[in-house]
Amino acid sequence: MSNPVRQPSQSVPNAANASRHSLPAWLIADLRSDHAGEMGAVMIYRGILAVSRDAAVREFAQHHLATEETHLQRITALLQESQHTRLLPLWRVMGWLTGALPAMLGANSVFVTIEAVETFVDHHYQEQLNRIDPEGKFADIRMILADCQADEIAHRDEARGLATQARGPLLSLWALVVKSGSAAAVWAARRV
């Protein structure tokens, strides 16, 4: 399978890591939701890999898992451990189920799920990018978020290209549940 997805950046800026102790509350809340989301994404792909025996789906999941693990590492470096959401154990389970359940139903269900998740994530990152001045104090953090967003858009577009157009009412409902669940997870992670 040809893979048009960007290779993730492996660097973690020292400036962002050094300034993590002086972040404003609104940015900590945003980064806490990003950290939870990237943990959830890692677990989605682990759930897919635990269940799927389809070679193309497994290759897709393995490649994207590596990208999401890099995102998680980069976002983790921006926060103190005490700033992580206390709901991480729940996000691990829910992420795993969000990957494993559609993997039980086949490739199309996996690709529709990833498209739904990444569509939400693209909008989520864009809202954050809109709040951070590209030339301002948190420009280094903005760059990390922009890099992550670009990868997520590539994931969404690849999944969209691999999914069949036939979705049916149950798969369409599942995609709506995934997007709504993602929104609820962000809301909770920002607060807890």
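Helix α5 is mostly covered, with 19 of its 25 residues buried; buried means under 20% relative accessible area, exposed over 50%, and partly exposed in between (1.4 Å probe, protein chains only). The model is predicted: local features need pLDDT of at least 70, side-chain atom pairs count only at pLDDT 80 or more, and totals for chains, interfaces and linings use all residues. Residues are numbered from 1 along each chain as its sequence is written, and side-chain values use heavy atoms, with hydrogens and water left out.

**Overall make-up**

- The protein has 7 helices and 0 strands; helices (H or I, at least four residues) and strands (E, at least two) are DSSP runs, numbered from the N terminus.
- Along the sequence the pattern reads α-α-α-α-α-α-α.
- Of the 192 residues in the protein, 49% are buried.
- Among contacts between residues at least 6 apart in sequence, 85% join residues at least 24 apart; contact means heavy atoms within 4.5 Å.
- The end C-alpha atoms of α5 are 37 Å apart, which agrees with the 36 Å that its 25 residues should span at 1.5 Å a residue. The expected span of a helix is 1.5 Å times one less than its number of residues.

**Nonpolar core**

- The largest nonpolar core has 47 residues; such a core is a set of buried Ala, Val, Leu, Ile, Met, Phe, Trp, Tyr and Cys residues joined through side-chain atoms within 4.5 Å.
- Two or more residues of this core come from each of α2 (25–51), α3 (55–76), α4 (88–105), α5 (107–131), α6 (139–162) and α7 (168–191).
- Helix α2 gives the largest share of the core, 11 residues.
- The residues with the most contacts inside the core are Leu31, Ile48, Ile114, Ile141 and Leu145.
- Beyond its neighbours within four places in sequence, leucine 145 is in contact with Leu31, Asp34, Ile75, Tyr125, Gln128, Leu129 and Ile132.
- In soluble globular proteins, nonpolar side chains tend to be buried together.

**Leucine 49**

- Leucine 49 is found in helix α2 and counts as buried at 15% relative accessibility.
- Not counting residues up to four places away in sequence, leucine 49 touches Arg58, Ala61, Gln62 and Leu65.
- Leucine 49 and alanine 103 are 54 residues apart in sequence, and their C-alpha atoms are 8.2 Å apart in space.

**Aspartate 30 and arginine 131**

- The structure holds 9 salt bridges; a salt bridge is a side-chain nitrogen of Lys or Arg within 4 Å of a carboxyl oxygen of Asp or Glu.
- One of them joins the side chains of aspartate 30 and arginine 131 (2.7 Å, N to O).
- This pair links distant parts of the chain, with aspartate 30 in helix α2 and arginine 131 in helix α5, 101 residues apart.
- Aspartate 30 is buried, with a relative accessible area of 4%, whereas arginine 131 is partly exposed at 41% relative accessibility.
- Leaving aside neighbours within four places in sequence, aspartate 30 is in contact with Gln128, Arg131 and Arg190.
- Aspartate 30 and glutamate 127 are 97 residues apart in sequence and 9.8 Å apart in space, C-alpha to C-alpha.

**A network of salt bridges**

- Salt bridges link Glu115, Asp122, Arg156, Asp157, Arg160 and Arg167 in a network.
- Within it, glutamate 115 forms a salt bridge with arginine 167, and their closest N and O atoms are 2.8 Å apart.
- Glutamate 115 lies in helix α5 and arginine 167 in the loop between α6 and α7, so this pair ties together parts that are 52 residues apart in sequence.
- Glutamate 115 counts as buried at 10% relative accessibility, while arginine 167 is partly exposed, with a relative accessible area of 26%.
- Arginine 156 forms a salt bridge with aspartate 157, with closest N and O atoms 2.9 Å apart.
- Arginine 156 is buried, with a relative accessible area of 12%, and aspartate 157 is partly exposed at 37%.
- Side chains of opposite charge can pair when their charged atoms come close.

**A buried charge without a salt bridge**

- Glutamate 118 lies in helix α5 and is buried yet has no salt bridge.
- The nearest side chain of opposite charge to glutamate 118 is arginine 156, 8.3 Å away; Lys and Arg count as positive and Asp and Glu as negative, while His and the chain ends are not counted.
- Leaving aside neighbours within four places in sequence, glutamate 118 is in contact with Tyr45, Glu68, Glu152, His155 and Arg156.
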